[in-house]
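Please consult the sequence and the structure shown below while reading.

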Amino acid sequence: MMAGSDGAAVAGGLAPHVPVLGRPAIDLLNVRDNGIYIDGTFGAGGYTRAILAAANCTVIGIDRDQRAVALGADLVEQANGRLTLTEDRFSNLAAIAREAGYEAVDGVVLDLGVSSMQLDAAGRGFSFRLDGPLDMRMSSVGASAADVVNTASERDLANIVFILGEERHSRAVARAIVKARGAEPVRTTRALADIVASAVRSRPGDIHPATRTFQALRIYVNDELAEIVAALQAAERVLKPHGRLVVVSFHSLEDRIVKSFLARRGEARAGSRHAPEIEREAPTFRALTKRPIVADEDEIARNPRARSAKLRAAEREPAPARNDDASDLLPRLPALADVLKGH
Ligand SMILES: C[S@@+](CC[C@H](N)C(=O)[O-])C[C@H]1O[C@@H](n2cnc3c(N)ncnc32)[C@H](O)[C@@H]1O
């Protein structure tokens with residue numbers, strides 16, 4: 001996320017999203033005249049603005065949030081044909097580029113997670129600090145967090161909260177949810193935050209006890225980790241040789257996927273057991289950041305959300321994209337459709 005130089009223009013009444021690590025993200029994207037760049041997480045348009053300002057280039061903006069896309073309409077108009085904006089998931093970025101008329105692009109940037117505009121809108125149900133419907137969907141389709149909380153089995157709830165929230169007290173959280181929903185469905189963020197707080201003891205100075213459970217449900221409802229894996233694979237297919245991939249993540253589950261994917265793609269892969277050793281596949285990416293770039297103290301002081309941000313970047317090598325199933329990068333969890341069947 002980056003503090004847009006003029007982010008206030010698109011805030012739609014809510015506090016504007018302050019982009020994080022914007023300067024290094026745009027520098028590493030290596031924006032050039034006539035280049036085509038995909039901003040897969042348009043949000044409040046902070047990154048897109050910076051890309052458009054960096055050179056006479058074209059941006060394909062994507063966001064799965066209909067509101068973010070609607071608020072970006074002014075920027076599309078100001079960009080005079082240099083920006084297209086599509087409401088979609090970034091896992092579809094290669095197809096979206098093709099539809100926009102581009103078989104290959106010069107850069108892909110992803111600034112993962114939720115925007116402040118989403119977090120600060122009580123009605124979206126992302127925040128345990130604001131009371132609202134227990135929704136958490138970035139787009140308005142599909143199951144909500146309330147659907148999961150009110151139908152998943154205790155075991156599935158515990159697994160989701162443990163794996164995606166890294167919550168040590170996941171079993172106690174799941175037990176408390178199942179007990180509470182036996183009396184009445186859990187419909188609001190406040191109700192869920194209170195239930196979790198009753199199950200997870202916290203000391204002064206700790207993060208809010210509901211933080212991890214809310215993170216887990218948000219990631220699960222939006223299938224965020226599978227989206228990242230699919231987007232990395234799509235970026236590999238759509239980037240030109242020497243094209244740049246830049247990803248900013250906000251927690252260890254996201255960063256681990258990006259790091260592992262780039263490590264794998266940075267190594268030559270042995271041929272299959274049926275192919276001779278000489279058919280080793282060449283690396284498809286060269287890492288530009290040996291260690292992730294993090295925000296400096298100034299940025300963290302200005303924007304506390306920058307504290308956990310990690311930026312990784314890589315350059316596409318000319319080798320053909322690999323065609324493997326990278327689902328082993330994902331934690332093992334039951335599918336949403338199965339979880340919604342309950343017991
Ligand atoms: C952290 S914000 C991006 C902020 C943006 N860089 C800026 O400067 O304003 C993340 C945005 O990505 C969107 N998003 C998250 N996952 C997505 C996905 N799988 N596909 C498309 N958009 C996604 C969210 O809806 C949100 O608007």
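Predicted model: local features only at pLDDT ≥ 70, side-chain atom pairs only at ≥ 80, totals over all residues.

An N or O atom in the side chain of Asp111 is 2.7 Å from a ligand nitrogen atom. For Glu227, a polar side-chain atom lies 2.8 Å from a nitrogen atom of the ligand. Each of these distances falls within the 3.5 Å limit for a polar contact between N or O atoms.

## The surrounding shell

The ligand is surrounded by 26 residues. Asp63, Phe90, Asp111, Gln118 and Glu227 are the closest of them. By residue class, the shell comprises 10 nonpolar, 9 polar and 7 charged residues.

As to its location, the ligand sits in the largest cavity.

## Val248 and strand β5

Strand β5 covers residues 239-249 and includes Val248. Is Val248 buried or exposed? Val248 is classed as buried because its relative accessibility is 0%, and the class requires a value under 20%.

Val248 may also be placed relative to Leu119. The two residues are 129 positions apart along the chain, and their C-alpha atoms are separated by 18 Å.

Methods
Residues numbered from 1 in each chain as written. Heavy atoms only, no water. Near = heavy atom within 4 Å. Polar contact = N/O pair within 3.5 Å; in protein donor to acceptor, adjacent residues only side chain to side chain. 1 Å grid on protein atoms, 1.4 Å probe; cavity = no way out; pocket = protein on both sides within 12 Å on 5 of 7 lines; lining within 4 Å. Sits in = over half its atoms within 2 Å of the grid points. Nonpolar A, V, L, I, M, F, W, Y, C, P; charged D, E, K, R; others polar. Helix = DSSP H or I, 4+ residues; strand = E, 2+ residues; numbered from the N terminus. Buried < 20%, exposed > 50% of the residue type's maximum accessible area, 1.4 Å probe, protein only.
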